[in-house]
Amino acid sequence: MSVRKINPVKSIRGEIMIPGDKSISHRSVMFGSIALGTTEITNFLEGADCLSTIGCFQSMGINIERKGASLFVHGKGMRGLTAPQNTLDVGNSGTTTRLMSGILSGQNFASVMSGDASLNSRPMRRIMTPLNSMGAHITSLNGNNCAPLKIEPGTLHGIDYSSPVASAQVKSAVLLAGLYADGETSVTEPALSRNHTELMLKSFGAQVTSKTHENGSATAHILPCTELYGQKITVPGDISSAAYFIAAALIVPDSELLVKNVGTNPTRDGFLRVCKAMGADITMINSCVQGGEERADILVRSSNLKGTVIEGDLIPTLIDEIPVIAVMAANAEGTTVIRDAAELKVKETNRIDTVVSNLQAMGGNITPTEDGMIIEGGTPLKGAHIQSFLDHRIAMSFAIAGLNAQGETTIENAQCVDVSYPEFFTTLEKCCL
């Protein structure tokens, strides 16, 4: 157990580079492993979750090596994976578990995936239902629709699946299984979730199309695939990781921070849209597109934030940033309402509960709702003893809260940030004055 002490700072200054996007890093290894040839990945995120993905594919016979600043995945093709000798350890990674379920459903061998206690309590029925309807054989070994999951060989059929939630993990699991199916597969979701899978699969050679409908729903189609082919991938900085530093520079007075090489994919940029709705002083610099993914440098200056309403189609584009948005809202004038975010309940923790309890501990005026929270800003936060609940996003969000609080804040089990951002506290110290 590690305890991190956070004290208030005078300002946030400087330039920082953000580690690679977690979602894109996961997918680059997965798709590279089932492609023919070598995939070279630069700016790969060396977080615990992404290392779990590497470990799983190494256990299935894929040679993955680091040379200098790049990671090389020596893929063996769509049918090149081999049966693992032991249970595949997915650690704390829901992305690894759910996306890999789609890939494993198309293999000719049986496998079992299991993770830590937190992962093994997270719901997997949302991917088991569509995958089993395609002809996969996935069972929850404890009979509770959670991992450990056993996946046995089956013949996959294309389906048209309507997902009850906008979830990139559900969509990706079905699309990846669709690579191995006997006909076209489609996934329709109530709002467009992050589309990294569609963009990257297309670059690897898959036939993927997507369409957003007039009612806001979105459908992705994929055709069966004979082979994918190795690619060169430069991973943009993770906007979810950048969000903590952007928030810090906004709420700490006399701050100016340049956050470089941040992915600004429109299915992920809801945090930036919320910042602007709250009156944030944010400027995009050096915008460009590489490998289908938009990216930019972001210049942030401290701002007098105001409350806003966050709901509807915006939620899937910022679901991971809601804890730090709540911290910003506590430092803003007026009321912020977050609704349509029941998905927060099935993250590493129930993030409605964990955000509310910690913000209340710091003196914040926050009320939980069934699908979100209401935050009344304007009350200065006070240093407090914060429980991370081993949730990396809770730990990082309340470290940011402590920068503009009165007195010292302590974060229990702060090492959990290693899941997505091992260098978080080091980077934070560099830009705090």
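User: Before we start, how do you define helices and helix axes here?
Analyst: Helices are DSSP runs of H or I with at least four residues, strands are runs of E with at least two, and both are numbered from the N terminus. Axes are lines fitted to C-alpha atoms, for helices over the stretch in contact, with angles from 0 to 180 degrees between N-to-C directions. This is a predicted model, where local features need pLDDT of at least 70, side-chain atom pairs count only at pLDDT 80 or more, and totals for chains, interfaces and linings use all residues. Residues are numbered from 1 along each chain as its sequence is written, and side-chain values use heavy atoms, leaving out hydrogens and water.

User: OK, how do α7 and α11 cross?
Analyst: Helix α7 (residues 239-251) and helix α11 (residues 392-403) have axes that come within 9 Å and cross at roughly 15°. That makes α7 roughly parallel to α11; angles under 35 degrees count as roughly parallel, over 145 as roughly antiparallel, 65 to 115 as roughly perpendicular and the rest as oblique.

User: Which residues make that contact?
Analyst: From α7 it's S240, Y244, A247, A248 and I251, and from α11 it's R393, M396, S397, I400 and L403. Contact here means heavy atoms within 4.5 Å. By class, the residues of the α7 and α11 contact are 7 nonpolar, 2 polar and 1 charged. Ala, Val, Leu, Ile, Met, Phe, Trp, Tyr, Cys and Pro count as nonpolar, Asp, Glu, Lys and Arg as charged, and the others, Gly among them, as polar.

User: And what does α11 do with α12?
Analyst: The axes of α11 and helix α12 (residues 424-431) come within 12 Å and cross at roughly 20°, so these two are roughly parallel as well. M396, A399, I400 and L403 of α11 meet F424, F425 and L428 of α12. That contact has 7 nonpolar residues, no polar and no charged ones.

User: Switching to strands: what order does the open sheet have?
Analyst: The order is β1-β24-β23, with 3 strands and mixed pairing. Two strands pair if DSSP finds at least two bridges between them. β1 (3-6) and β23 (385-387) are at the edges with a single partner strand each, so one side of each has no neighbour in the sheet.

User: How do β1 and β24 run?
Analyst: β1 and strand β24 (residues 409-412) run antiparallel, joined by 4 bridges. K5 sits opposite T410 in β24.

User: How many aromatic pairs are there?
Analyst: The count is 6, where rings of Phe, Tyr and Trp (its six-membered ring) pair if their centres lie within 6.5 Å, with planes under 30 degrees apart stacked, over 60 edge-to-face and the rest tilted. F31 and F204 form an edge-to-face pair, 6.1 Å centre to centre with 90° between the planes.
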